[in-house]
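I opened my notebook to look up pockets, a helix and some aromatic rings. Here is what I wrote down.

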Amino acid sequence: MFEITDVQKIGVGLAGFGIAFLFLGVLLLFDKGLLALGNILFISGLACVIGLERTFRFFFQRHKVRASVAFFAGILVVLFGWPLVGMLIETYGFVLLFSGFFPVAINFLRRVPVLGTVLNLPGIRGIIDKLAGDSSRTMV
């Protein structure tokens, strides 16, 4: 087992609040203030959880330049007052940034008791299989 520091615990809380504010901002018809606050909290929470250096290395890898530019440009567009356009750009960047993590997350969710049953239903399974990609990459 590994030790979780207090800073990492705070980071999980910040990222959780960031996701909650982003959800509320979208739910309340793209409220600029909530979306901006959610973005700031999510980024600061991520930095606290994995550290500043690893956060910079994650966002500024050579093959993730387009994704990082889209993600941060979306945040700037939200801050400048165009929340719908900014969230679309930010979502595009988010999908590009975290697309390598999707297969791992989906295969983990398939092992959760109730959720795994739902994800393996005939109509949903095909969509999830396309999102997960090649299952041999995520085998341990």
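**Second largest pocket.** I looked up its lining and found Ala15, Gly16, Ile19, Phe94, Phe98, Phe101, Phe102 and Ala105. A pocket here is an open set of points on a 1 Å grid over the protein atoms alone, where a 1.4 Å probe fits, with protein on both sides within 12 Å along at least five of seven lines; lining residues have an atom within 4 Å of a point. This is a predicted model, where local features need pLDDT of at least 70 and side-chain atom pairs 80 or more, while totals for chains, interfaces and linings use all residues. Residues are numbered from 1 along each chain as its sequence is written, and side-chain values use heavy atoms, leaving out hydrogens and water.

I noted that H1, H5 and helix H6 (102-109) each give at least two lining residues; H1 has the largest share, with 3 residues. Helices are DSSP runs of H or I, at least four residues long, numbered from the N terminus. The space is about 240 Å³, meaning the volume filled by probe spheres set on the points, which are joined across faces, edges and corners.

**Largest pocket.** I got about 290 Å³ for this one. Ile19, Phe42, Phe71 and Phe94 are among its lining residues.

**Helix H3.** Which residues of H3 (residues 52-59) are buried? I found Thr55, Phe58 and Phe59; buried means under 20% relative accessible area, exposed over 50% and partly exposed in between, with a 1.4 Å probe and protein chains only. Seen down the axis, the buried residues fall within an arc of 85 degrees, so they line one face of H3. That arc is taken from the directions from the helix axis to the C-beta atoms. On the face turned away I saw exposed Glu53 and Arg54.

**Aromatic pairs.** I counted 8 of them. Rings of Phe, Tyr and Trp (its six-membered ring) pair if their centres lie within 6.5 Å; planes under 30 degrees apart are stacked, over 60 edge-to-face and the rest tilted. The rings of Phe59 and Phe71 are stacked, because their centres are 5.9 Å apart and their planes at 20 degrees. Phe59 sits in helix H3 and Phe71 in helix H4, so the pair ties together parts 12 residues apart in sequence. Phe71 also pairs edge-to-face with Phe72, at 5.5 Å centre to centre and 75 degrees between the planes. Phe72 is partly exposed, at 28% relative accessible area.
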